[in-house]
Amino acid sequence: MSDRFCWCGNKETRSFSDEYVRCAECGTLISIVGLSDDELKVDDDDGAFYGKQYWLEHQSKDLGFPNIFERARNDLLDRNLHWLRTLLKYKAPPANVLELGCSHGSFVALLRQSGYDATGIEMSPWVVEFAKTTFDIPVFVGPVEAVDLGDRKFDVIALMDVLEHLPDPVGTMRRALDLLSPGGILLIQTPQFKDEMSYATLVDTSAPFLDQFKSDEHLYLFTKESVTKLFKQLGADHIRFESPIFHQYDMFFIVSREPISTMSDEAAKEKLENPRGRFAQALLTQNSEIEKLSDHIKVIDADREARLEQIHILTKMIHDLQSTAKPLV
Ligand SMILES: [Zn+2]
């Protein structure tokens, strides 16, 4: 990977950490220890980095995430709903969706439940079988460049936590944009590196973004500006940044070669008023209530903290007064 230049073609870099350098031109962080193109292929599901063990052991043992069995259940109730709610604003069903790097397939399953014609692509044949049998969904063995999709086009292509793993983001994103039907959009979640972040400050403050420095997997960590530049270079200069579910370290956006239109919550809701969609709508409504409660708890916690702080200040004042007050004779 050390001989790899930035996706933008620039060769001049600035130092950042032991594992990453920063592109002097576009500001993207570039891994200098990432895997080679051959190591990224999954020819052998038992031995390849992104093979079976990536999902069964690496995710839980090395990275501390729940394994794929738990994720297949849990993701449905948080991130998948956040993504669906955002997608509904831009493209309501019926629409064709392709998810690159669909993992266990729960988002594809939720999309299908909501009335989209959704299909996934994943690198490991083992995971593809897992997704197919777990959720009864169509999934291709990828990468997308190797899949024969005939003349199929998609209204939406989703890449959730995938862009940062791509060895050739320009080539893969060009392929994705070419697969879009007229007015089609990409829906993307990826870590957001910020210009002002220095490695020393991140370490000193134990910043959540430190978790994104998985240099063998996260080959490029983009800023909002550099990701905008990447897509502009590919003729996709319409981009809308949305609120990411993991706001401490991610960005979440919609990008297209054509102007992006939105629809009201009410209009999107109507699209789910059918026998299958009602289940998705019920989950969305409950998830909104949970988010509201969670926001409310944050306000209550902050208020409690502020009151405790006042009590501490007042207690200290009383102590100070008591120790300096002269005794009345
Ligand atoms: Zn660059």
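Colleague: Which strands form the open sheet, and in what order?

Modeller: Happy to start there. The order is β1-β2-β3-β9, and the pairing is antiparallel. Please keep in mind that this is a predicted model: local features need pLDDT of at least 70 and side-chain atom pairs count only at pLDDT 80 or more, while totals for chains, interfaces and linings use all residues. Residues are numbered from 1 along each chain as its sequence is written, and side-chain values use heavy atoms, with hydrogens and water left out.

Colleague: What makes β1 and β9 edge strands?

Modeller: β1 (13-15) and β9 (220-221) each pair on one side only. Strands are DSSP runs of E with at least two residues, helices are runs of H or I with at least four, and both are numbered from the N terminus.

Colleague: How do you know that β3 and β9 pair?

Modeller: Two strands pair if DSSP finds at least two bridges between them. Strand β3 (residues 29-31) and β9 have two bridges, in the antiparallel sense, so they count as paired. Leucine 29 has leucine 221 of β9 as its bridge partner.

Colleague: What joins β2 to its neighbours, β1 and β3?

Modeller: Three bridges join β1 to strand β2 (residues 20-23), and three bridges join β2 to β3. Serine 15 is partnered by valine 21 in β2, and arginine 22 by leucine 29 in β3. β1 and β2 form a hairpin with four residues between them. The hairpin of β2 and β3 has five residues between the strands, and there glycine 27 takes a positive phi near 85 degrees.

Colleague: Why is the site of the zinc ion called tetrahedral?

Modeller: Four donors count as tetrahedral if all angles lie between 85 and 135 degrees. The angles among the four donor atoms here are 105 to 118 degrees, so the site meets that definition. The ideal angle for four tetrahedral donors is 109.5 degrees.

Colleague: Which atoms are the protein donors of the zinc ion?

Modeller: They are the SG atoms of Cys6, Cys8, Cys23 and Cys26, lying 2.3 Å from the ion. Along the chain the donors follow the spacing C-x1-C-x14-C-x2-C.

Colleague: Why does cysteine 6 count as buried?

Modeller: Cysteine 6 has 5% relative accessibility. Buried means under 20% relative accessible area, exposed over 50%, and partly exposed in between (1.4 Å probe, protein chains only). That value therefore makes cysteine 6 buried. Buried residues make up 46% of the 329 residues in the protein.

Colleague: What makes α5 mostly covered?

Modeller: Six of the eight residues in α5 are buried, among them Phe107, Val108 and Leu110. Just after α5, glycine 115 takes a positive phi of about 105 degrees.

Colleague: What about helix α7 and helix α9: at which angle do they pack?

Modeller: Helix α7 (residues 169-178) and helix α9 (residues 224-233) pack at about 60 degrees. That is why α7 is oblique to α9.

Definitions and conventions
Donors = N, O, S within 2.8 Å, 3.2 Å for Na, K, Ca; no water. Tetrahedral: all angles 85-135°; square planar, octahedral: opposite > 155°, others 65-115°. Axes fitted to C-alpha atoms, helices over the stretch in contact; angles between N-to-C directions. Parallel < 35°, antiparallel > 145°, perpendicular 65-115°, else oblique.
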